[in-house]
Amino acid sequence: MPKNQFIDPVKVRKPGKIKFGTIPVNAYIKSIEDERKSFSDADLIRIYRDMYLIREFETMLHEIKTKNEYRGISYNHPGPAHLSIGQEAAAVGMAYHLTVDDFIFGSHRSHGEILAKGLSAIHQLDEPELLKIMKDYFNGTILGIVEKGFKGDVKDLGMAFLLYGTLAEIFARDTGFNRGLGGSMHAFFTPFGVYPNNAIVGGSGDISVGAALYKKVNLKPGIVVANIGDASMGCGPVWEGISFAAMDQFRTLWEGEYMGGLPVIFNFMNNQYGMGGQTQGETMGYDILARVGAGVNPEMMHAERVDGYNPLAVIDAFRRKKQTLYDRKGPVLLDTLTYRYSGHSPSDASSYRDKQELEAWQECDSIKGYGWQLLSAGIIDQEGLDNIHTNAEEIVENTIRLCIDDKISPRMDLSADPELIGRMMFSGGSIEKLDEREPETLITMEENPRVRQIKNKERYALDSQGKPFSKLKQYQLRDGIFEAIIDRFYKDPTLVAYGEENRDWGGAFAVYRGLTEALPYNRLFNSPISEGAIVGTAIGYGMAGGRVIAEIMYCDFLGRSGDEIFNQLPKWQAMSGNMLKMPVVIRVSVGSKYGAQHSQDWTSLVAHIPGLKVVFPATPYDAKGLMNAALQGTDPVVFFESQRIYDIGEYFHKEGVPVGYYEIPFGEPDVKRAGKDVTILTIGATLYRALEAADILKEKYGLEAEVIDARSLVPFNYEPVIKSVQKTGRIVIAGDASSRGSFMSDLARNITDLSFDYLDAPPVVVGSRNWIVPAYELEDCFFPQPGWIIDAIHQRILPLEGHRITEDFSDATILNRNRLGV
C-alpha cells in the first residue's frame, strides 16, 4: 500500500479496451544448414548424443519396470518411474545454454532433465572443476565407485558419475545423489544446478520462484527454470507462483540494481497429457497453453510456443528468453510442445489415447528426425550414429550393473542404525549470517524510531511494589519478536521478510512497525494474497541459500498453503540426503474474536508433520529468545503467535527481557509457577488462564498448582514435566486447539507412558470444543477457561470440596460428545 502510488478514479474509470499482442507459435524455421554458422559440428553431434543417452536410460527403466530385465540383466524395481521417452529434444534443448549457475526445478517426470542439465554442465566445466565437484560430493563416494577400472577422460568419467548417481538414487541406494531418500521423483544434484524435482504436480511452480527471488535479492548470477507439465496449469502453486513472479513492484517500487522482473522461466513440458486427461480439448480451456501468458501482465510473460520435437528450436528459444531475463524483463512462459510415448507410469496402458496418435508421434520422433538431419547435412555418417548408440548402451548397461550390486551400492542399513533417517530430519545448524557482505539497510539501528521507543519501555511488567505498569509502558510480546527480527536484519544480508501487509502498515498486529523505515523493498515487501506462494517461495529461497521469514496472517490460512507446509517445507532436508538446509521461519498468528475461519489453533496439524520445528511462546522473554534461536538455525520453524497476547508484558523473568542477544533452546518447557499438588501444562496463550486457575485453586481449595509452559511442541523434552509429575502425581494439559486429535492428547499419552508409576490419576486434556469457533461474545463457551481446568481437576483427578462445575468432564458427557462427533 505505498502512498506514492495514487489510484486515480478519473483515470481508472475511463472507458477503453485491453489490447493483446501476438504470441509466437512454433516460429522457428531454420534448417540445420542455417544453424551451422552458430554451432560446430561437434556441438550438433553432442546434442544427438545427449538425446540418445537419455532415451537409452529411460528405455532401460521401462524394460526393468515392465519386464524386470534389461540386456540380460535381471532386476526388480518396485518403486516409481515416470518416464519421459519422446521428450528428449525438449530436455536437451532446455539445458544447452544453461550453466551451473542456472538452476532447474522439475517434476515427477524429470530424469531426462536431470541428465540433460548434468551433461550440459559436464561439457561446460573445465576438467579440474568437474573433478573437484566429484571428489567433494559425499567425500568422493560416488566417484570412487565409477572410477574403479574406468577408461576414458574426465568428461567421460563425469558422464558415468552423472548416470550412476541418478540411477542409484532411483533405485534407493545409499550411494545415490540423495542417499536414496529422494528416489525417482525427487532426485537432484545441486553442483550441476539441478535442484529438486517434485512428485507433487506443479509443486515446483512456486518453489522455483523463491530460488529466482534469492538470485535477485542477493545479486547472484544465473536464472531459474521451472520444468513443469502442462497439467500443472490447473494447480494452485503454479498460478500463485506466476502471480508472485509477475508482481508489478519489481518494476515500480524496487530500486537500483534490484529493479526489474524475476529471472525465472516457467517452462511447461507440454506432453499434452495429465495422467489420462488430455489437456488440450478435455481438461483445460486454453487451446494453446502459451495463451495463458496474455492474462498475466502487459508483456504477456513473453510467452511462446516452441516445437519441443526440434532441439534446435528449443535451444533458440532458451537463448532468447535467457537474454530477456538478463534484461530484467522476466518472468517468461514457454510452452514446449512434446509428447510422451509411455503412459503416465509403466503400469499405465495408455487406454485413453488412440494407437494411431501414438504412432503418428513416433513417426516424427525427435531423435530419428534430428539424426536424419545430421546425416543429410553430412555432419555425421551412419557409422558415427551407430557408435553413439553403442556407447550409450554400454554406459547404461555398466551403470545398472553397478547400481544393482548390493556390495557396491548398498541401501541404508536401518537395521544396524534404526535412527539414521531420524538424525537426518533436521540439520541443526547454527549460523549467524548466510553471506559475508554487509546487510543493506536504510538507517542505522540506533536511528530507528521503534527501537528508540522500545528503549523507554519497562522490560519487566511489575514495578517495585509488584504493581503492573500501564500497557503503553510495558515491553510487550510483539516487541520481543520485533527485537529478534530487526537484530537479524542487521546481521544477515540474505534475510528477507514478506507476506500480506508486511510493509507500510507495520505488518499484521504491529509486529513489523519500524521495519519499513529500516529496510528497502528488496528485503521487506508485501506479497500477493497467495499463502501457497508465500510459503512455497520461502522454501525455494531457503534451499537456494538464503534466510527468510514468511508470514501467514491467520492460522486458519495455513490450509491455503497446505502442500507447501505439509509436503514441501518439512521434507527437503532429509530427501536431499542432508545436502540442503532450510533456514525458513513461518510466522503464524493464531486469531481470536473473528469467528470460525479466523480464530482456530492448528498447532496440532503442524506438529503432526515430521520435519518441522514448532514453537508457541507466550511471554516476551520467550518470544525473543525463541525467535533468535529460529533465526540462528538452519531448520524450518513454524512460529505460532497468539493475537490475544501480543500486548502482554513480561511477568516471569524478573530481571526483565535482556536488551542484548540471547537464545532459548527449542524443546525446553519452562516452569512459570512452582507448586506441589497438581501440574498444569499449557500451550500458547492458555498459560494465563491456567495461572488464573492456579490462583483459584490456592485461594479456594488450598492447592498449589505447578504451571509449566510448553513453549515448544517439536522438539519437546519431557523430563521437566516428568519431574513435576513425580512431585504432584497429577497433571492437566490445556491449550486452545480443539481437543480431538490434538497435540495435547499426544502429550497426555506420552506422559502416561513415561510417568505411569507416579500418577495418581490419568492425565486430563482441556482443549477447545469440537465445534466451529463462535463469535467473540460466545468464545468463553468454546475456548478453555480457568473454571474448566478446575472442573477437570474436580471431576477426573481430585474432588474439590464444595466445587460446583460449569463445564462437564464426566464419563457420560465425554461418551456422548464422541458419539455425536462433537
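Biologist: Where is Q785 placed?

Modeller: Q785 lies in the loop between β22 (764-768) and α28 (786-796); helices (H or I, at least four residues) and strands (E, at least two) are DSSP runs, numbered from the N terminus. This is a predicted model, in which local features need pLDDT of at least 70, side-chain atom pairs count only at pLDDT 80 or more, and totals for chains, interfaces and linings use all residues. Residues are numbered from 1 along each chain as its sequence is written, and side-chain values use heavy atoms, with hydrogens and water left out.

Biologist: Why is Q785 called buried?

Modeller: Its relative accessible area is 17%. Buried means under 20%, exposed over 50% and partly exposed in between, with a 1.4 Å probe and protein chains only, so Q785 is buried.

Biologist: What is Q785 in contact with, leaving aside its neighbours within four places in sequence?

Modeller: Q785 is in contact with R689, E779 and D780, where contact means heavy atoms within 4.5 Å.

Biologist: What makes α3 roughly perpendicular to α13?

Modeller: Helix α3 (residues 41-67) and helix α13 (residues 311-326) pack at an angle of about 105 degrees. Angles of 65 to 115 degrees count as roughly perpendicular, under 35 as roughly parallel, over 145 as roughly antiparallel and the rest as oblique. Therefore α3 is roughly perpendicular to α13.

Biologist: Which residues of α3 and α13 meet?

Modeller: L44, I47 and M51 in α3 meet P311, L312 and I315 in α13.

Biologist: Why do β4 and β9 stand at the edges of their sheet?

Modeller: The open sheet has the order β4-β3-β5-β6-β10-β9. Two strands pair if DSSP finds at least two bridges between them. β4 (194-197) and β9 (304-307) each have a single partner strand, so one side of each is left without a neighbour in the sheet.

Definitions and conventions. Axes fitted to C-alpha atoms, helices over the stretch in contact; angles between N-to-C directions.
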